[in-house]
Amino acid sequence: MTRFRNAAAAALLVLLAAGCTSGGSGSGDSGASNEGWTPEYKDGVLQPLPDGFPSRPITLLNVDAPGHDDGLYARAMQTALRGISPVTVEVRDQNYPTFGTWAGIQYMQDQSGGKDGYICEVAAMVGASLDLLTEPIEDEFGMTIEDFNPIVVTEQTPFVMVTRSNAPWSSYQEMVDAAKANPGTVRYAAASGSLLDIATNRLMRANGWTSKVIPMEGSVDAATAVAAGEADVTMLTPAVARSHEQAGKVKAILVVSKEPKAPTEWSDAVTTTEIGLPDEPWVSYRGFIVAPEVPQAHSDWLFELFKKGGEQAAPKERIANLPGASSIILDGEQTRKIVADAKVFAEPVIRELGLAYDQR
């Protein structure tokens, strides 16, 4: 039994002691068939399935820090679902320092109602799939890509490289020149093996620069380190970058994008296309996954709920405040294809960089 299962079990005991879990599997008691179900709304509220699902609160699980993109996204969706969901929608922060998405899947499997769809985990889909290459997921959890069960994607965001605002360079190229002139002096804050780290290592390899790596548990910590002047540069998602940027502590110098120019808010930054790397595939697709055992009808109902939620004001406002972000709707099948294709594409890249878990 892994340390993550122990952690999940301990968390469950806390919930039980607090009276926060309810008995039963969570499936409806009507015994009705969900065959032929089509979405039905009454006064704007999505009606439950014939089998009674959902009959109790739905939890949106964030497996990162509350201030991380996943936590902010969960809260935006929670707001959006008020008035649409027939049951209360709650947010739970269950911060795992490593293997987050996969530890979250195991956590959902261990909870009352988790296998019925009452817990939905926020996930950055591509990053989660690459965990299978950079972390010993199968050894730790006995899981493969077949256990990854996406419901929906509602937003797409680029990656952005930021540097401290008082750095001795003002552009990406100037930073590269400084790193080449003084190898190992540029301090790079990184969650080693993350998708953000893979994207950065690809840039280093392509542009011929090196850095002194400062290990971090996650992107929120990395952003804080750069903002505090304890590191010089890191790669982030827009939501994490923006708060420090608006405080005047960091500035964007590069955006991983197929576009020829960076978003207006980052007009001083270059894109990977501008520097001759137009095919960089790294992007964050954010949405929800559920435990692999969740019945298809419950997955279909949740897709309808989150699709409708993504059309509401709170997620739209979130997207409007994230440079380069866009609202999209992908269903489970479409997301599985993106995840599988990303894993195939990334494996030789990750091995070339020496970041595969079995290369360490």
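Guide: Start with Asp 43, which sits in the loop between strand 1 (41-42) and strand 2. Helices (H or I, at least four residues) and strands (E, at least two) are DSSP runs, numbered from the N terminus. This is a predicted model, in which local features need pLDDT of at least 70, side-chain atom pairs count only at pLDDT 80 or more, and totals for chains, interfaces and linings use all residues. Residues are numbered from 1 along each chain as its sequence is written, and side-chain values use heavy atoms, with hydrogens and water left out.

Visitor: What is the mean pLDDT of the protein chain?

Guide: pLDDT is the predictor's confidence in each residue, from 0 to 100. Here the chain mean is 88, and 91% of residues reach 70 or more. Residues 1-27 stay under 50. For that stretch the model has 50 contacts (heavy atoms within 4.5 Å) beyond four places in sequence.

Visitor: How do I read backbone angles? What is the phi of Asp 43?

Guide: Most residues other than glycine have a negative phi, and most peptide bonds are trans. Asp 43 is not a glycine, yet its phi is positive, about 55°. Asp 43 is also exposed, at 82% relative accessible area. The scale is: buried under 20%, exposed over 50%, partly exposed in between (1.4 Å probe, protein chains only).

Visitor: Which peptide bond is cis?

Guide: The one from Phe 53 to Pro 54, with omega near -5°. Pro 54 lies in the loop between strand 2 (45-46) and strand 3 (58-62). Strand 3 also holds Thr 59. Thr 59 is buried, at 16% relative accessible area. Beyond four places in sequence, Thr 59 contacts Glu 90, Arg 92, Tyr 118, Ile 119 and Cys 120.

Visitor: Is Ile 105 buried or exposed?

Guide: Buried, with a relative accessible area of 0%. Ile 105 belongs to helix 3 (residues 100-110). Beyond four places in sequence, its contacts include Met 143, Phe 148 and Ile 289.

Visitor: How many residues line the largest pocket?

Guide: On a 1 Å grid over the protein atoms alone, a pocket is an open set of points where a 1.4 Å probe fits, with protein on both sides within 12 Å along at least five of seven lines; lining residues have an atom within 4 Å of a point. The largest pocket has 46 lining residues, with Asp 64, His 68, Ser 194, Glu 217 and Gly 218 nearest its centre. Helix 4 gives the most to that lining, six residues.
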